[in-house]
Amino acid sequence: MATDTITLAEQLEGAGLNPQQAKGVARAIHDHQTEHLATKADLLGLKAELAGFRAELRFHRWTLALIVALVLAVLGKVW
């Protein structure tokens with residue numbers, strides 16, 4: 001979300017802050033938002049990480065299915 005610092009400062013001045021305070025608050029809000037935005041590179045890295053988790057989950061799902069099948073086969077021979 002982009003912040004229009006000039007408009008925000010003008011609104012803060014209209015609310016009673018002096019121009020220097022209004023500009024400072026507007027700049028602080030803008031800087032805070034800019035520091036906490038995810039970049040395209042961040043999202044691509046997350047996408048790659050999630051793809052790895054999905055592959056690992058598929059492996060564990062197949063492993064669990066194999067274990068259940070083996071347990072059922074053993075129980076079938078025991079009973």
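Student: In this predicted model, is histidine 32 buried, partly exposed or exposed?

Tutor: Histidine 32 has a relative accessibility of 49%. Buried would require under 20% relative accessible area, and exposed would require over 50%. Because 49% falls in between, histidine 32 counts as partly exposed.

Student: Which helix holds histidine 32, and what distance separates its C-alpha atom from that of lysine 77?

Tutor: Histidine 32 belongs to helix α2. Along the chain, histidine 32 and lysine 77 are 45 residues apart. Their C-alpha atoms are separated by 66 Å.

Student: How does histidine 30 stand in terms of accessibility, buried or partly exposed?

Tutor: Histidine 30 also lies in helix α2. The relative accessible area of histidine 30 is 24%. Since buried means under 20%, histidine 30 is partly exposed.

Student: What is the C-alpha to C-alpha distance between histidine 30 and aspartate 4?

Tutor: In sequence, histidine 30 and aspartate 4 are 26 residues apart. In space, C-alpha to C-alpha, the two residues are separated by 8.2 Å.

Student: What is the handedness of the crossing of α1 and α2, and how many residues of their contact are nonpolar?

Tutor: The crossing of α1 and α2 is right-handed. From α1, the contact draws on Thr5, Leu8, Ala9, Leu12 and Glu13; from α2, it involves Pro19, Ala22, Lys23, Val25, Ala26, Ile29 and His30. Of these contact residues, 2 are polar and 2 are charged, while the number of nonpolar ones is 8.

Student: What radius of gyration does the protein chain have?

Tutor: The protein chain contains 3 helices and 0 strands, and its C-alpha trace spans about 85 × 25 × 15 Å along the principal axes. For a compact globule of 79 residues, the radius of gyration would be near 12 Å. The protein chain, by contrast, has 28 Å.

Student: What percentage of the residues in the protein chain is buried?

Tutor: The chain has 79 residues, and its elements run α-α-α from the N terminus on. Buried residues make up 9%.

How values were computed
Residues are numbered from 1 along each chain as its sequence is written. This is a predicted model: local features need pLDDT of at least 70, side-chain atom pairs count only at pLDDT 80 or more; totals for chains, interfaces and linings use all residues. Side-chain values use heavy atoms; hydrogens and water are left out. A crossing is left-handed if the near helix is turned anticlockwise from the far one by less than a right angle, and right-handed if clockwise. Helices (H or I, at least four residues) and strands (E, at least two) are DSSP runs, numbered from the N terminus. Contact means heavy atoms within 4.5 Å. Ala, Val, Leu, Ile, Met, Phe, Trp, Tyr, Cys and Pro count as nonpolar, Asp, Glu, Lys and Arg as charged, and the others, Gly among them, as polar. The radius of gyration is taken over C-alpha atoms; the globule rule is 2.2 Å times the number of residues to the power 0.38. Buried means under 20% relative accessible area, exposed over 50%, partly exposed in between (1.4 Å probe, protein chains only).
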